[in-house]
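Please read it with the structure open.

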Amino acid sequence: MFKLNLKIALRNLWRYKTSSIINVIGLAIGLASFLLLMLYVSYEWSFDKQFKGSEHVYAVMTNFKDSNGNIQGTSDQTSNIISRVIKQEIPNIEAISLICNVGEALISNEENSFKKEAIFADPDMLKIYNYEFIEGNANTALNTPKSVVLTQSMAKLLFKDGDALNRSVLFNNKVDLKVTGIIKDLSDNSSNTFDFLMPWTLYEELFSWVKKPQWGNYNWKTLIRLDEKADVNLINSKLKDVIKRNDKGSENEVFIFKLSDRQLYGKFVNGKSVGGNIDRIYLFVGLAFGILLIACINFMNMATAKSERRAKEVGIKKTIGASRSSLISQFLIESLLLTFISVLFAVVLVEILLPTFNQLLNIKLSINYYNSSYWFGILGVILMTGLLSGSYPASYLSSFEPIQTLKRKVIRTNRIPVSLRQVLVICQFSFAIILIIGTLVIYRQIQFIKDRPVGYDINLLVEMQQEGELSRKFDVFKTELLKTGAVTAICQSSGTLSNVSSNFWGFIWPGMSEMDKDISFNQIATTYDFLETNGIELIAGRDFSKSFASDTAGLLLSTAAVKVMGLKDPVGTRVKYHGNDFTVVGVFKDFILGSPYFAEGPLVVAFNPDWRGNITMRLNPNNSLTKNIELITKITKEINPAYPVELNFVNDLYVKKLQRERVLGILSNLFGGLAIFISCLGLFGLTAYSADQRVKEFGVRRVLGASVVHIMKLLSVSFMKMILVAVIIGVPVAYYLMNIWLTNFEFRTDISLSVIVLAIVGTFLIALLTVSIQAYKAAKANPIDALKYE
Amino acid sequence: MIDLQGIEKFYLNKGGKNYVLRHVSASINAGEFVSIMGPSGAGKSTLLSIMGMLEEPTYGSYEFMGQDMFSLSERKRIEVYRNYIGFVFQAYHLIDEMTVKENIEASLIYKKVPSAERKSRVEDLLERFHIGAKRDFFPSQLSGGEQQLVGIARALAVRPSIILADEPTGNLQSAQSLQIMDLFKKLNEEEGITIIQVTHSGVNAAYGNRTLHLLDGVVDKEQFKKGC
């Protein structure tokens, strides 16, 4: 029975090639989209859940409060002393580790040198993340200061011969370390990733000030692993006033938060988690199921549209004794078979598209074909899709009464299926139009943020880390570089414009009130040529200048800072900055510091030659880019030979800030387009059947003198009515949803009429084009062919 | 075997009743070969469909082998199709997606006849109707006469006690018609299968041993063949 049904299902697919192809293409694209989106969702979902016992790992978090007790922000930054206090006061702690994310640092041996991600952490770190050791001992690997744990790929890079354990490597060109462990590469979707891991004790040796308790310095992270009996609420209630008791005058509170929840629920308002990436996960899951549903609707519509052809078969089978359930199972087998074929195509499609998809989203998704859960997932998708798309046609087709079908009576006595088909088409196009409007709004919003004036000239601006000899020999470097003509201006600074790295409060100026002490200012320390190099517009006063010796105690204010401070005539104002006397020498126009999504906070740029870390260079526009880079690289190598030269273009860095929205834009573009394509495929199929059914009617009409246009109208109007209803439903929903989305942004565009009109016109045009192709074919057919046939 | 009492069938049409059958009563015994005749629109096919339970009358009662059919559930009715009734249609109504062999086998599958038994019955029928060579052909590859042979073979596969044939030769040329009618006669005489056929043709009707004449939904007259 099953075999015969399968055989017949195959023959049916072959016989109705057009509809099979439309179905397979639609379902394959739908399924491929579904799989891609689900891969992405599972990537986000399993963030920090990859390692053993991840559910017991917590991050120590801090709520930063002002003197009135209002929570101003929440982050996972902690002091270095908190771990010691937690270890003493809190029970149920299995492991606790301080972490210092160094960022890229130099690691080398005799043959090679690389800049790779580095971390300092306590030996307990190995127990928290349960790293899989390939070589070395997890219990002792970080016990001595001069040790380092490498990831497998790091070890392979450094030691081409493959043997890395107990060999020595050089950290930052000065510290000799012994490789005490090699661990499996870390998965991308995990926090605190590194290429090499060094012990905290080494960090303390290198920077002796770290040894002292620093209650007010929130420079590090702290992770803990709890045992199974631990009560998180109890721990949090004990931790609440830890800082208050120890750091006089600070109102900040400490609490612990599950590490694996940080990715999805990491957005805090007033110290409470209010979601985070989970919103995106919901969005993508919705998108995935939506597209799959559109493809399923195609199948349902095509299957029921074919009903007139299948009705006879149902009638005969019933008269020779088929029960309804056997017919239902036959139709379900057909839909499952079709889904199965489509899944094969979809898997191939995913495999082909994955690299591009990864590149677009800048992530590393991969399919683990040896993972049984992947195949179970696929099987589940086949069953779900097959049953979803097959159940309605199966129950509809199997309900036919034999006598009606055999006598070729009108089957459509039951009005519901027809209108249900219409409802399904309306659903499809409502979804499509929501996606079109969504895509347009997201695109406009990205454009809007992109078009915000940056406030400095990001073109031909490059950044470089100031490390090794570049720190001490900066002046030499500057002179040499200017001499080559590769750059027109160059400066050193504590932070770069593309990343806010530091802020402070307790700034003192004349005429301030007591409350103003809590105002937080961004700060950048620099020496000469800061404004010129970055191309920031000066409004009053001047930049730091060597001609004024007093400028070594000078600072520059942004217009936002001047406004916050309420200064009428800022230049020449004497202020106290970190307790020292400074004079305001200039005021510059606000620029986007850090994120383009938010309004500029007040910024203080102070003269301080000892606080540095970054070099910014303005390239000479008269030279070619390659020549400039060559010259910079040459000079840098001469002065700082131990480090590889890495230049970052500021405009690239700036574009990266739009990454999140860019991803959203790409995904909605891509999947919106696919959804529309699949919907149109379905519409194409439906029109084909509709034309097929009415071929005789059209023949008669043509003979009676109807024009081609008239017949095209007959066929198109009913479909266009459905699109109209879809528009009426889709537009308000899209408007509502996109307005909610836009409220996420401090700077936002509005949903203009033009967007909506464009979406509506676009949908109508696409739909009309789809329908017209079929309608034209039907109308142009020779009427005699249709009439003779009877 | 079949006992129809006071069968009426009408469709409501704009306030009026459109009668198809009026007060039709008939009783057919096992082993009979009955022809239903009449002009177009007389209600012949409707009467046959009612006998085959493909349609329900508006009023009236129907006993099949002593059982009231209109009180049966769909499941029971399917049981009756499977076990006692074979249908033969004017347009053959073979399943286009199935081969000759599969078409014949289909009803046996629904009847849950074991595979070996199915095979032997199908082989028997293929051989008996001389269509074995075309067992793997699809209906569209056969001539009308051949298709109808397959249709009859399919009806016979379940070993029915009655065959309901709606103008079985309506689409066939006369030579093929005669062949089919001979076959019916043989089945009736040699295997004792009750046959009820609807036909236009007096020649075909003459094969049976009794003829019901329908005119405008009423049994006009009943003829018995001499010697029966």
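1. **Ground rules.** This is a predicted model; local features need pLDDT of at least 70, side-chain atom pairs count only at pLDDT 80 or more, and totals for chains, interfaces and linings use all residues. Residues are numbered from 1 along each chain as its sequence is written, chains are lettered from A and ligands numbered from 1 in the order in which they are written, and side-chain values use heavy atoms, with hydrogens and water left out.

2. **Confidence.** The model scores ipTM 0.79 and pTM 0.78. pLDDT is the predictor's confidence in each residue, from 0 to 100. Chain A has a mean of 84, with 97% of its residues at 70 or more. Chain B averages 86, and 98% of the residues score at least 70.

3. Confidence is lowest in helix 26 (residues 783–788) of chain A, with a mean of 64. It is highest in strand 9 (residues 196–199) of chain A, at 93. Helices (H or I, at least four residues) and strands (E, at least two) are DSSP runs, numbered from the N terminus. Over residues 410–416 of chain A, pLDDT stays under 50. The model has seven contacts (heavy atoms within 4.5 Å) for that stretch beyond four places in sequence.

4. **Salt bridges.** A salt bridge is a side-chain nitrogen of Lys or Arg within 4 Å of a carboxyl oxygen of Asp or Glu. Glu102(B) and Arg11(A) form a salt bridge at 2.5 Å, N to O. Lys312(A) and Asp96(B) form another, their closest N and O atoms being 3.7 Å apart. Lys312(A) sits in helix 11 (residues 307–319) of chain A, and Asp96(B) in the loop between strand 6 (85–88) and helix 3 of chain B.

5. **A sheet in chain B.** Four strands make an open sheet in the order 2-1-4-5, with antiparallel pairing. Two strands pair if DSSP finds at least two bridges between them. Strand 2 (16–28) and strand 5 (67–68) of chain B are the edge strands, each pairing on one side only. Strand 1 (residues 2–13) of chain B pairs with strand 2 of chain B over nine bridges, in the antiparallel sense. Asn13(B) stands opposite Gly16(B) in strand 2 of chain B.
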